[in-house]
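Me: Could we go through the strand pairing in this one?

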Amino acid sequence: MLQKLLHLTSRRAGRGFSSTALQGERICIVGAGPAGFYAAQLLLKQLENCRVDIVEKLPVPFGLVRFGVAPDHPEVKNVINTFTKTAEHPRLRFFGNVSLGKDISLSELRERYHAVLLTYGADQDRQLEVANEEQAHVISARKFVAWYNGLPGAENLQPDLSGRDVTIVGQGNVAVDVARMLLSPIDRLKVTDTTEYALEALSRSQVERVHLVGRRGPLQAAFTIKELREMLKLPNVKTQWRIQDFEGIAAQLEKLPRPRKRLTELMLKSLEEQKGPSVQEKHFLPVFLRAPKQIEKSEMEFSITELQQNSAVATDQTERLPAHLILRSIGYKSSQADKDINFDDRRGHVKNIEGRVLKSNGSDEVDAGLYVAGWLGTGPTGVILTTMNTAFAVAKTISEDIKNQTFDTKSIKPGLQVDQLPQTVTWKHWQRIDSHEQKLGQPKGKPREKIVSIDEMLKVAGI
């Protein structure tokens, strides 16, 4: 791959950049999600002569914001406006449909840039590691989210929604998002950018009850107060807590940090309000202190746990929950996109110290000029605001390293050239896709109808 690029002269080395512009620092960011765009934003601000190229394996930008944020959270997706402003900066270029490890290698990027920042996110699931997990009615919440959000390839998932009961294993915000999508009135979803095939499937759904199961107790629940509040306000859905899960919880309120206290107070308030007959047709059923043990055809067996030093320890007691569909939502992990990335297979992220990637020799020696940010560096943690803060921190580190001359930035680096990479999607190409999707959505009252086929994206882009 590198040989195809090295023959370029400095005159042709940067499409849209003059030869004098090549004198500045050249930085490549791999991954066009929140971490990549936030890092680019700060780098462009702090380094007045730097040139930033963002490389993305998909033809479309925005990563988790486009394919992870729930369709009924349009206010969260407004951050795309900020990212668009960054993308249109005269010192930034977008290279879509370029995959690290396939179309271009890490060593080739490092040959052509002074610094490389890896921000390609987490694209794999953590497993339950219980018997029968491979059965067809067990799927990951990540894939389900990708299905209704239009990630290319996810349209073939075809989740079976013909049963009454769904059991979600995990109690983070993603798990609550999935529960809300399954229980929401279809008319509420029709005005979002939920894919048309998902809307059609959800309109025929027979799901009436969703269990949200966690290993630990209410004080350790990973969902946020905003997510819970939305569930409690969902029309025609009754939230049913188990009274025994909250024994002794009220007495601990005053010792809790303020965010945890507010969340716990809301759960206790909802618990008090659930008394009396239920008139709602659907039910949201959070279940605490249960650890996955075994999967059967239409139910799931859990070990009843107890807390010991804040950890869930399984007892000899078990409980079975009905589960026509099981969604695994116990965390994501990243993958090693290129053989030269110093990757921790067990933890599922790149080995680094405060964003500086370590050399692959087993030491704590930093590989100068190579960085990582976002979930690829920290593991999947926090919300988009968390990613923003960590990306800013790593971008600041890069800026300081360059100013302190930690690695060479004086030599001329050519960067990538659009016409040397087949079917590269530029920002202008993305704008055509964006405009087309919005036009498709208008007759349906939707903000957009996402194109889910990469071939169709490239056709619309005019490539």
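Reply: What follows covers strand pairing and side-chain placement.

Me: Before that, what kind of model is it, and what is counted?

Reply: This is a predicted model, in which local features need pLDDT of at least 70, side-chain atom pairs count only at pLDDT 80 or more, and totals for chains, interfaces and linings use all residues. Residues are numbered from 1 along each chain as its sequence is written, and side-chain values use heavy atoms, with hydrogens and water left out.

Me: Which way do the residues of S14 point?

Reply: In strand S14 (residues 325-328), Leu325 and Leu327 point one way, Ile326 and Arg328 the other, and all are buried. Buried means under 20% relative accessible area, with a 1.4 Å probe and protein chains only. Strands are DSSP runs (E, at least two residues), numbered from the N terminus.

Me: How many bridges join S7 to S14?

Reply: Four bridges join strand S7 (residues 165-169) to S14, and the two run parallel. Valine 166 has leucine 325 of S14 as its bridge partner. Strand S6 (residues 138-140) also pairs with S14 in the parallel sense, over three bridges, and serine 140 stands opposite arginine 328 there. Two strands pair if DSSP finds at least two bridges between them.

Me: Changing topic: in what order do the strands of the open sheet with S12 come?

Reply: The order is S11-S12-S13, with antiparallel pairing. Strand S11 (290-295) and strand S13 (311-322) are at the edges with a single partner strand each, so one side of each has no neighbour in the sheet.

Me: What joins S12 to S13?

Reply: Nine bridges join strand S12 (residues 299-308) to S13, running antiparallel. Leucine 307 stands opposite alanine 312 in S13.

Note on methods
Buried means under 20% relative accessible area, exposed over 50%, partly exposed in between (1.4 Å probe, protein chains only).
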